Amino acid sequence: MALSTQRASASLSAESAPPRWKHDVFQSFRGADTRRGFMSHLDDELRYRQTIKTFKDDRDLEIGATISPELLTAIEQSHLAIIVLSPNYASSPSCLDELSKILECMEDTKRILPIFYDVDPSDVRNQKGSFAEAFTKHEERFSEEAEKVKRWRAALRKVANLSGFDSKNYKSEAELIKNIVKCVWTKVHPTFMLSGSPENLVGIDFALEQLRLHLAPEENDVRFIGIWGMGGVGKTTLAKLVFEKLSPHFELSSFLSDVSEVSAKHGTLVALQRQLLFPILKEENIIWDEESGILFTKKCSWNKKILLILDDVDQLNQLEKLVGEKTWFGVGSRIIITTRNERLLVQHDIAMRHKVEVLNNRQALKLFSRHAFKKNQPAEGFLKLSQRVLHCAKGLPLALKTLGSFLYMRDQDAWNSMLHNVEKIPNPTVFHSLKVSYDGLEEMEKKIFLHVACFHKGKDKEKIIEILDSIWDISSLIGMDILIEKSLLTIKKNYDRSDTVEMHDLIQEMAWEIVRQ
């Protein structure tokens with residue numbers, strides 16, 4: 001009964017989903033007029049923006065040839081259509097067929113963007129000049145298909161009445177293309193805002209609102225913003241969402257994933273510098289060492305509005321050599337850093353910092369249910385079992401998603417078996433994610449951390465420091481502060497102004513497992 005409920009709920013997950021377009025823009029144009037010049041520059045500029053997926057058919061169809069099923073499908077799967085109406089556009093039956101299909105598929109004409117390239121809109125509307133000549137030939141060639149010609153004329157009249165771009169109103173093609181791209185950006189990504197998280201994300205709206213205040217897109221300054229918190233709490237998820245929503249509004253956007261891992265793997269930051277600058281330099285071999293990477297970053301970025309995200313930073317030199325100072329970037333740029341170590345943000349003078357917290361019980365149950373049942377609440381008969389999982393996960397998103405995905409479509413016996421094990425042995429995925437923070441500690445910091453986890457959680461901070469100082473004959477205050485900065489310990493302020501040392505239950509279990517091993 002419960003399993004069938006899970007299956008039924010899963011089948012509803014795709015309902016009411018918004019349209020998912022395969023292409024952002026379908027481009028209709030007369031190749032003989034514009035392929036080698038205007039269209040090549042426009043398409044290159046759209047693709048350079050990386051977030052705009054275009055469909056451009058570069059084949060020359062013979063006169064009288066019908067458009068292929070592939071093109072018809074591409075039109076249906078495109079969010080927008082750019083129609084470049086050039087002097088010889090109407091001489092091509094295939095172009096006119098494309099136009100008719102676009103108008104048929106896109107009843108919302110706001111999705112259609114006409115470009116009047118070296119033609120007068122009134123000539124298109126009334127079929128004068130080269131358009132009149134083209135239709136004289138069509139009426140002879142298609143004398144037995146009068147309805148088709150009539151449909152083409154109606155399509156031209158309709159598209160000529162839509163708001164678009166007239167090339168004669170711009171000083172250069174470069175200016176025209178710049179305005180077209182800006183318009184397409186606005187239509188594909190209509191708002192510069194962070195509100196409204198995707199359906200599959202839970203408890204993230206407050207964080208988005210806090211980040212929106214830090215980002216202040218209306219300000220023309222350069223801003224560095226830090227996102228920090230313990231492993232598995234959702235820093236990368238938050239950063240990816242910000243990147244997805246805001247990247248279309250910047251000249252250049254780059255998301256450098258797993259900075260700490262890539263840096264450790266290569267021993268230098270050259271690979272990351274190349275990744276950052278490739279969209280500008282168009283090649284990688286120009287950067288041969290970290291110093292040349294710094295030089296080119298300064299030289300290529302100082303006049304550009306850039307959105308850059310460094311994900312999972314764990315060393316100060318990564319900040320110094322990848323993003324350096326605010327003067328490296330153009331006005332309006334936003335640099336976002338995710339890290340487990342708040343101290344790195346302080347050392348780099350990043351005053352705007354947002355700490356990502358674990359989820360509350362209501363949010364945790366919703367996120368877990370999304371993965372375990374494909375809906376917002378547990379299936380019938382699974383509530384108490386779900387609450388046991390929540391007790392184990394303690395609001396950590398990584399644990400909730402990992403355990404929920406593992407339990408999906410399993411019966412209650414399997415749930416009980418898994419819970420019996422996970423209450424005794426940490427889940428490997430969660431354990432290894434949390435252990436990354438431990439592995440980055442110095443030896444004395446590791447000793448302090450394990451000692452607190454095993455003996456002193458929930459005790460007064462000053463008393464713990466006094467005990468640790470007497471054991472090792474050192475000053476453990478700085479070690480405790482480092483553990484707090486690295487999100488392994490937290491401080492609870494009491495009414496008497498004393499400080500109690502706390503840690504997340506999963507971090508404590510990770511410490512116990514390290515001791516057991």
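## Basis

The model is predicted, so local features need pLDDT of at least 70 and side-chain atom pairs count only at pLDDT 80 or more, while totals for chains, interfaces and linings use all residues. Residues are numbered from 1 along each chain as its sequence is written, and side-chain values use heavy atoms, with hydrogens and water left out.

## Overall make-up

The chain has 24 helices and 12 strands; helices (H or I, at least four residues) and strands (E, at least two) are DSSP runs numbered from the N terminus. Its C-alpha trace spans about 100 × 65 × 40 Å along the principal axes.

Of the 517 residues in the chain, 50% are buried. Buried means under 20% relative accessible area, exposed over 50%, and partly exposed in between, with a 1.4 Å probe and protein chains only. Among contacts (heavy atoms within 4.5 Å) with a separation of 6 or more, 74% join residues 24 or more positions apart.

## Helices H9 and H10

Two packed helices are described by the angle between their axes and the distance between the axes. For helix H9 (residues 205-215) and H10, the angle is about 55° and the axes are 11 Å apart. Axes here are lines fitted to C-alpha atoms, for helices over the stretch in contact, and angles run from 0 to 180 degrees between N-to-C directions. H9 is therefore oblique to H10; angles under 35 degrees count as roughly parallel, over 145 as roughly antiparallel, 65 to 115 as roughly perpendicular and the rest as oblique.

On the H9 side, Ala207, Leu208, Leu211 and Leu215 meet Leu238, Leu241, Val242 and Leu246 of H10. This contact of H9 with H10 holds 8 nonpolar, no polar and no charged residues. Ala, Val, Leu, Ile, Met, Phe, Trp, Tyr, Cys and Pro count as nonpolar, Asp, Glu, Lys and Arg as charged, and the others, Gly among them, as polar.

## Helices H16 and H17

Helix H16 (residues 361-372) and helix H17 (residues 383-393) have axes that come within 10 Å and cross at roughly 110°. H16 and H17 are therefore roughly perpendicular to each other. Asn361, Ala364, Leu365 and Phe368 of H16 make the contact with Leu383, Ser386, Val389 and Leu390 of H17. By class, the H16 and H17 contact has 6 nonpolar, 2 polar and no charged residues.

## Nonpolar core

The largest nonpolar core contains 69 residues, and those with the most contacts inside it are Phe368, Trp415, Phe449, Val452, Met480 and Met510. Such a core is a set of buried Ala, Val, Leu, Ile, Met, Phe, Trp, Tyr and Cys residues joined through side-chain atoms within 4.5 Å. Helix H10 (residues 235-246) gives the most to this core, with 6 residues.

Beyond its neighbours within four places in sequence, Met510 contacts Phe431, Leu434, Lys435, Tyr438, Phe449 and Leu488.

## Single residues

Most residues other than glycine have a negative phi. Asp118 has a positive phi of about 60°; Asp118 sits in the loop between strand E4 (112-116) and helix H5 (121-126) and is exposed, at 56% relative accessible area. Asp258 also has a positive phi, near 50°. Asp258 lies in the loop between strand E7 (252-256) and helix H11 (259-266) and is partly exposed, at 35% relative accessibility.

Glu291, in helix H13 (residues 290-301), is exposed, with a relative accessible area of 53%. Glu291 and Val270 are 21 residues apart in sequence and 9.0 Å apart in space, C-alpha to C-alpha.
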